[in-house]
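I opened this model to look up its cavities, pockets and core. My entries follow in the order in which I made them.

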Amino acid sequence: MADIRQISDFDDPALDVYARMSEGQLLNRHEPEKGLFIAESPKVIERALDAGCVPVSCLVEDRQIEGEAASVLARLVQVPVYTAPFSVLTQLTGFKLTRGMLCAMKRPAAPKPEKLCCGSCRLAILEHVVNPTNVGAIIRSAAALGMDGVLLTPDCSDPLYRRAIRVSMGTVFQIPWAFFSEDVDWMEFLKTMGFRTVAMALRRDTVAIDDPKLLSEERLAIILGTEGEGLEEETIDRCDYTVKIPMAAGVDSLNVAAASAVAFWELGRKGGRRE
C-alpha cells in the first residue's frame, strides 16, 4: 500500500518537485535519464501508470485519500504520498490541485522518430508550436482522430510539461510522440520514410481538405505550424500538398489546436473511411 505522510514541514526537500522546481529543472536536459514530470488528477495519473510510467511520490488533498484518489493510491505500493488539507496544499504549490492530486514520475524514454514512423500511416508534425496548451490539445486530437503518432521540431513545447499533460487528458501517454534531433532535415527524413507531406497553410494554391487524392495516400504526414505565424515558407514549399480549411463569415483562420482537429478528422480517414 501507499506510504501516507502528513506534511509537517513546507521546506522538506521531498516537496521541491511540487513547490520549487521549474519545468526546465524537472526536464533536466543535461541528464534526461534523471528527468521528472508531474501528472495531475487521478485519471491522468492512472493513464500514466497504465503506460508504464514509474511514480516517485504523490501530493494528495487529505479528503481525497478515501475519495477520487483511492483507486490510484491502491496502485502506489511503497510510494511516498504527502498529504494535507486543501488550504495547506494551495499555499504550498501556489495553485489549486486538479481533482486534489499530483504525482511526480520518472520521465520515460521517447521512441526514436525512425521507430515511431515504422508501421505508421498517419502522423502529425508540429513545427515551432511553443504553447503547451496547444501541444496538449493537438496530441489529444491526434489520439482521438486517427493519427498514429506525433513528431515535434526541437523548439516545440514539451508534451510532458504539466499543463500539456493536463490539457491532453493524459493522452500523451496513449499515443507515441518524439522530437526530431537538431541536426536532422526532418522534411527529408519524412520523405525517406515514405511519407507524403501536407502543409496546413493559408495559401490560395491549395488542395481541398477532402480531396480523394489525399485520402488515398498510403502514408501522410500532416504538418502544423506555430501560433500566429504558421509554417515556415520553406516548409510549405517543400511539401507535397498544401491544404487550407474553408472558412466562413470573414474568419481567416483557426487556432492551431482547433485546426488540427479538423485536419485529423478529414485526413485520418485513410481511403476515405474511418476505420
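I began with the second largest cavity, which has a volume of about 30 Å³. A cavity here is a set of points on a 1 Å grid over the protein atoms alone where a 1.4 Å probe fits but cannot get out, and lining residues have an atom within 4 Å of a point. Volume is the space filled by probe spheres set on the points, with grid points joined across faces, edges and corners. I found Glu 61, Phe 86, Leu 89, Thr 90, Leu 97 and Gly 100 lining the second largest cavity. Helix H5 (residues 86-93) supplies the largest share of that lining, 3 residues. I sorted the lining into 3 nonpolar, 2 polar and 1 charged residues. For the classes, Ala, Val, Leu, Ile, Met, Phe, Trp, Tyr, Cys and Pro count as nonpolar, Asp, Glu, Lys and Arg as charged, and the others, Gly among them, as polar.

I note that this is a predicted model, in which local features need pLDDT of at least 70 and side-chain atom pairs count only at pLDDT 80 or more, while totals for chains, interfaces and linings use all residues. Residues are numbered from 1 along each chain as its sequence is written, and side-chain values use heavy atoms, with hydrogens and water left out.

The search of the whole structure gave 2 cavities of 30 Å³ or more. I put the largest cavity at about 40 Å³. Its lining consists of Glu 23, Leu 26, Leu 27, Leu 36, Phe 37, Arg 107, Asp 158, Leu 160 and Tyr 161. H2 gives the largest share of this lining, 3 residues; helices (H or I, at least four residues) and strands (E, at least two) are DSSP runs, numbered from the N terminus. The lining of the largest cavity has 6 nonpolar, no polar and 3 charged residues.

Next I turned to the pockets. A pocket is an open set with protein on both sides within 12 Å along at least five of seven lines. The largest pocket has a volume of about 910 Å³. I counted 31 lining residues there, with Arg 107, Pro 108, Ala 109, Ala 110 and Trp 177 nearest its centre. Strand S8 (residues 177-179) gives the most to this lining, with 3 residues. By class, the lining of the largest pocket is 21 nonpolar, 3 polar and 7 charged.

The second largest pocket holds about 490 Å³ of space. Of its 24 lining residues, Met 200, Ala 201, Leu 202, Gly 230 and Ser 253 lie nearest its centre. Helix H11 (233-238) and H12 are the elements that give two or more residues to the lining of the second largest pocket.

I then looked at the largest nonpolar core. A nonpolar core is a set of buried Ala, Val, Leu, Ile, Met, Phe, Trp, Tyr and Cys residues joined through side-chain atoms within 4.5 Å, and buried means under 20% relative accessible area, exposed over 50%, partly exposed in between (1.4 Å probe, protein chains only). This core has 55 residues, and those touching the most other members include Phe 173 and Met 200. Helix H12 (residues 256-267) gives the most to the core, with 6 residues.

Last, I checked helix H7 (residues 132-144). Its 13 residues should span 18 Å, and the end C-alpha atoms are 18 Å apart, which agrees; the expected span is 1.5 Å times one less than the number of residues. Among the buried residues of H7 are Val 135, Ile 138 and Ile 139.
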